[in-house]
Amino acid sequence: MALDFGCGSGRHSFALEREEYKVMGVDNSKVTIDSLNTLSSNVQFEHWIDLPFPVSEKQFGLILAWGVFHYNKREDAKKIRNALYEALDVDGSFIGSIRAANDTHLKLKDGEMNLSDLSGGYAELYTLDEVKDFLSPFSSVEIGYSERTPLGKLDERICHWFFLAKK
């Protein structure tokens with residue numbers, strides 16, 4: 001079974017479903033989950049807000065957390081990671097992304113985003129060493145890096161670390 005943690009619009013949930021995974025997609029936005037549950041799909045969408053999450057130990061063979069952790073304070077991100085680690089089966093895969101320290105697009109000031117569509121939201125950026133530390137509970141970790149610019153804004157950088165970790 002696969003967990004799409006922070007599923008948003010469900011794009012990864014539906015991609016995993018097409019690959020014949022049994023999928024649970026979860027998000028902290030009730031409006032989003034309610035909307036997804038109106039669609040014809042075999043994906044189980046649930047609204048999760050706070051720890052402890054309603055999961056069993058070793059419940060998932062694959063957990064995807066794309067663009068989730070950097071929107072949480074470090075101590076909260078580690079608590080979430082720990083809960084997901086316990087829900088990951090032996091030899092399970094944990095795939096995700098975290099905003100990199102070189103990112104300028106969010107226009108962060110003391111953790112607060114200063115974008116018109118995300119104004120007032122919270123985020124933290126991670127160095128490579130911080131990502132390695134964040135993923136240190138896992139037995140093996142592979143990390144990549146992606147950097148792009150928004151169209152017409154060559155002076156801005158949208159930067160992410162992405163990873164594949166095994167329990």
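Helices (H or I, at least four residues) and strands (E, at least two) are DSSP runs, numbered from the N terminus. The model is predicted: local features need pLDDT of at least 70 and side-chain atom pairs count only at pLDDT 80 or more, while totals for chains, interfaces and linings use all residues. Residues are numbered from 1 along each chain as its sequence is written, and side-chain values use heavy atoms, with hydrogens and water left out.

**View 1. Helix 1 has a buried side and exposed residues on the other side.** S13, F14 and L16 of helix 1 are buried, that is, under 20% relative accessible area, with exposed meaning over 50% and partly exposed in between (1.4 Å probe, protein chains only). These residues cover an arc of only 160° around the axis, which puts them on the same side of helix 1; the arc is that of the directions from the helix axis to the C-beta atoms. R11 and R18 are exposed on the other side of helix 1. Cover for the buried residues includes strand 1, strand 2, helix 2 (30–36), strand 3 (44–47) and strand 4.

View 2. V23 in strand 2 is the bridge partner of A2. Strand 1, helix 1 (residues 11–18) and strand 2 make a right-handed β-α-β unit; right-handed means that, with the strands pointing away from the viewer, the path from the first strand over the helix to the second runs clockwise.

**View 3. Helix 3 packs through its buried residues against strands and a helix.** A77, I80, R81, A83, L84 and A87 of helix 3 are buried. They cover an arc of only 165° around the axis, which puts them on the same side of helix 3. An α-helix has 3.6 residues a turn, so residues three or four places apart point the same way. The buried residues pack against strand 1 (2–5), strand 4 (60–66), strand 5 (88–99) and helix 4 (128–134), contact meaning heavy atoms within 4.5 Å.

**View 4. E86 lies in helix 3.** E86 counts as partly exposed because its relative accessibility is 40%. Leaving aside neighbours within four places in sequence, E86 is in contact with S56, E57, K58 and K167. E86 and K166 are 80 residues apart in sequence and 12 Å apart in space, C-alpha to C-alpha.

**View 5. E156 sits in the loop between strand 6 (140–148) and strand 7 (158–166).** E156 counts as buried because its relative accessibility is 10%. Its side chain makes a polar contact of 2.7 Å with the side chain of H105 and another of 2.8 Å with the side chain of K107. A polar contact is a pair of N or O atoms within 3.5 Å; within protein, one must be able to donate a hydrogen and the other to accept it, and residues adjacent in sequence count only if both atoms are side-chain atoms. Not counting residues up to four places away in sequence, E156 touches T104, H105, K107, R148, T149 and P150.

Notes:
Pairing = 2+ DSSP bridges.
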